Amino acid sequence: MTMRGVSKSNSWLTVVLLAPTTLWFLFMLILPLIVILVFSFGERAAVGGYGGGFTFEHYLNLPARLKAFQNTMTFAPVGTLLCLLVAYPLAYYLALKVDSRYKLLLLVLVIVPFWTSLLIRTYAWIFILGGRGIPSLLELIGFEGVRLINTPGAVLVGIVYGYLPLMVFPIFVSLEKLDKTLLEASNDLGGSPFKTFMQITLPLSMPGMATGCMLVFILLMGEFLIPAFLGGGKVFFIGNALVDLFLQSRNWPFGSAVSITLVVIMLVTVSFYMRMTLRSKTGRDESLM
Amino acid sequence: MRIYAIAVYLFLYVPIGIIVLFSFNAGRHASELRGLSVQWYGKALSNPFVGDAFFTSLVVALSVAVLSSLLGTAAALALQRLKGSLRVLFDALIYISVMIPGIVIGIATLVALVTVFDFLNPLLAALWPEGAKPPKLHMGYLSVIAAHTLFTMSLVIILVRARIAGMDRALIEASMDLYATPWRTFYQVTLPQIYPAILAGFLLAFTFSFDDFIISFFVAGPNTTLPIYVFASIRRGITPEVNAIGTMVLAVSLILLVAAQFLLRARTRR
């Protein structure tokens with residue numbers, strides 16, 4: 001590195017190696033986002049496309065899709081919280097209670113479903129919750145006319161089912177990294193298991209919980225399949241409104257305004273998360289001093 | 001605690017199991033199990049629409065996997081040498097492209113490409129020699145491949161970079177000290193150490209692309225991938241044939257995932 005020639009050829013190599021990735025980011029990420037930003041301020045053309053001009057009309061018109069925003073902003077946090085509640089005990093069990101020989105296998109078994117088709121996995125619940133699934137079993141024991149599919153509950157089940165793995169993994173990692181001698185120390189000092197959990201385990205697994213919640217929340221904000229399959233038109237998210245706006249009613253400028261709003265809400269969430277995690281880190285450093 | 005864990009595993013796997021079980025249904029109705037048979041697999045495999053969709057998905061997923069593992073590895077290697085604000089910028093772009101929901105990428109890509117194509121097509125037609133048919137740019141294989149690759153390329157970068165970070169730098173320095181050319185150092189020292197991560201990235205990229213519905217739904221144009229076909233069939237009604245196709249889709253990703261996990265595990269063992 002000290003020789004000039006070497007570092008020069010190195011920098012050329014760096015440019016060549018990074019060029020395709022840079023092009024991809026430019027043309028498949030930055031350009032598309034700029035285009036929908038521009039579209040969102042444009043007039044609607046006769047066929048639904050972009051008609052030029054500059055107007056705030058579409059942003060002012062956002063309340064027309066208020067229900068979709070309301071649903072998304074209710075179901076995303078509630079779904080995230082449910083995922084957290086279901087995932088935490090499992091992550092705790094895997095990280096602290098399971099024999100290390102089986103740990104990896106059991107963790108992999110949690111993660112594998114996440115990488116298989118969400119479409120097929122959500123479809124499975126249409127099958128289970130639909131008229132000939134659980135309701136027909138309930139009929140056998142005397143509960144008639146129970147409707148499960150196309151309800152808010154069905155959507156929440158689909159959410160937990162779809163995104164549970166994404167929540168378990170980061171919590172597992174933070175619990176796994178936890179210094180076990182702290183738990184022993186607390187135990188030796190007469191702390192009850194509950195107190196040890198509340199004062200040591202839970203605070204130290206906070207970063208994992210925050211990461212898991214952010215991942216799940218962001219994906220839920222853009223969810224389309226789960227409400228489409230299990231909400232049956234009654235529970236619809238921004239994603240469903242977007243599919244309708246772009247593919248059915250072809251109102252591209254308004255659809256662009258909705259997408260930009262969605263992206264802005266997500267950016268706010270991420271920066272909020274960043275600030276929280278940074279603060280919790282400095283908070284810990286202070287408490288250590 | 002243990003019972004709770006078992007319950008969660010059942011919750012995760014029973015629905016998948018039900019789809020698999022009902023795909024072997026001998027009866028004509030999707031939700032009435034009447035003996036076992038593989039007739040629906042035969043039906044699904046001989047359906048030309050399923051065949052076409054499967055072929056499209058395969059071509060797209062394979063291209064995405066090859067492209068993203070090549071480009072992602074190249075970028076991961078280069079990013080090691082990059083410092084300062086440029087590095088921060090790339091890191092931000094990598095994380096944005098992993099985090100941004102598929103639906104936003106799908107929409108933004110659709111709108112941007114259609115706009116660019118509408119602008120370029122008359123130009124191409126004007127520039128093209130008289131008489132010959134000018135090429136017409138449109139949505140199709142390439143747009144799906146490009147849109148999927150944005151996500152999967154960043155995924156490969158993250159995986160390979162994690163591997164490079166855990167690599168023994170001394171080996172590379174030793175190789176340099178022994179006057180190996182940079183190419184030889186890469187080929188004989190770096191590559192053998194990072195290839196499990198590259199291969200795992202390849203498999204995850206393939207699985208992502210093969211399973212993706214929402215991005216393809218927007219940018220596939222006239223092409224139908226297998227998830228798009230399945231989505232349309234489910235909208236029409238549940239049939240045992242859908243269960244059979246679903247089981248095959250699950251099987252493809254499960255096999256690849258087990259292979260990817262195996263490779264990532266081999267990586268940590270060493």
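This is a predicted model: local features need pLDDT of at least 70, side-chain atom pairs count only at pLDDT 80 or more; totals for chains, interfaces and linings use all residues.
Colleague: Is chain A more spread out or less spread out than a compact globule?

Modeller: The C-alpha atoms of chain A fill a box of roughly 85 × 75 × 35 Å along the principal axes. For 289 residues the globule rule gives 19 Å, whereas the radius of gyration of chain A is 24 Å, well over that value. Chain A is therefore, relative to a compact globule, more spread out.

Colleague: What is the mean pLDDT of chain A, and where does pLDDT stay under 50?

Modeller: In chain A, 93% of the residues reach a pLDDT of 70 or more, and the mean is 86. Over residues 283-289 of chain A the pLDDT is below 50, and this stretch has zero contacts in the model beyond near neighbours in sequence. The pLDDT also stays under 50 over a stretch with two contacts beyond four places in sequence, namely residues 1-6 of chain A.

Colleague: Which element gives the largest share of the side of chain A that touches chain B?

Modeller: The contact takes 58 residues from chain A and 56 residues from chain B. Elements of chain A that give two or more residues to this side include α1 (4-40), α7 (152-177) and α13 (252-288). The largest share is 16 residues, and it comes from α1(A).

Colleague: How many residues on the side of chain A that touches chain B are nonpolar?

Modeller: The side of chain A that touches chain B has three charged residues and eleven polar residues. The nonpolar residues on this side number 44.

Colleague: Are α3(A) and α1(B) parallel or oblique to each other?

Modeller: Helix α3 (residues 66-97) of chain A packs against helix α1 (residues 2-23) of chain B with the axes 10 Å apart, at an angle of about 120°. The crossing of the two helices is left-handed. By their angle, α3(A) and α1(B) are therefore oblique.

Colleague: Which residues of α1(B) make the contact with α3(A), and of what class are the residues of this contact?

Modeller: From α3(A), the contact is made by A:Val86, A:Pro89, A:Leu90 and A:Tyr93. On the side of α1(B), the residues are B:Tyr4, B:Ala5 and B:Val8. The contact holds no polar and no charged residues, and the seven are nonpolar.

Technical notes. Residues are numbered from 1 along each chain as its sequence is written. Chains are lettered from A and ligands numbered from 1 in the order in which they are written. Axes are lines fitted to C-alpha atoms, for helices over the stretch in contact, and angles run from 0 to 180 degrees between N-to-C directions. Helices (H or I, at least four residues) and strands (E, at least two) are DSSP runs, numbered from the N terminus. Angles under 35 degrees count as roughly parallel, over 145 as roughly antiparallel, 65 to 115 as roughly perpendicular and the rest as oblique. A crossing is left-handed if the near helix is turned anticlockwise from the far one by less than a right angle, and right-handed if clockwise. Two residues are in contact if their C-beta atoms, placed from the backbone, lie within 7 Å. Ala, Val, Leu, Ile, Met, Phe, Trp, Tyr, Cys and Pro count as nonpolar, Asp, Glu, Lys and Arg as charged, and the others, Gly among them, as polar. pLDDT is the predictor's confidence in each residue, from 0 to 100. The radius of gyration is taken over C-alpha atoms; the globule rule is 2.2 Å times the number of residues to the power 0.38.
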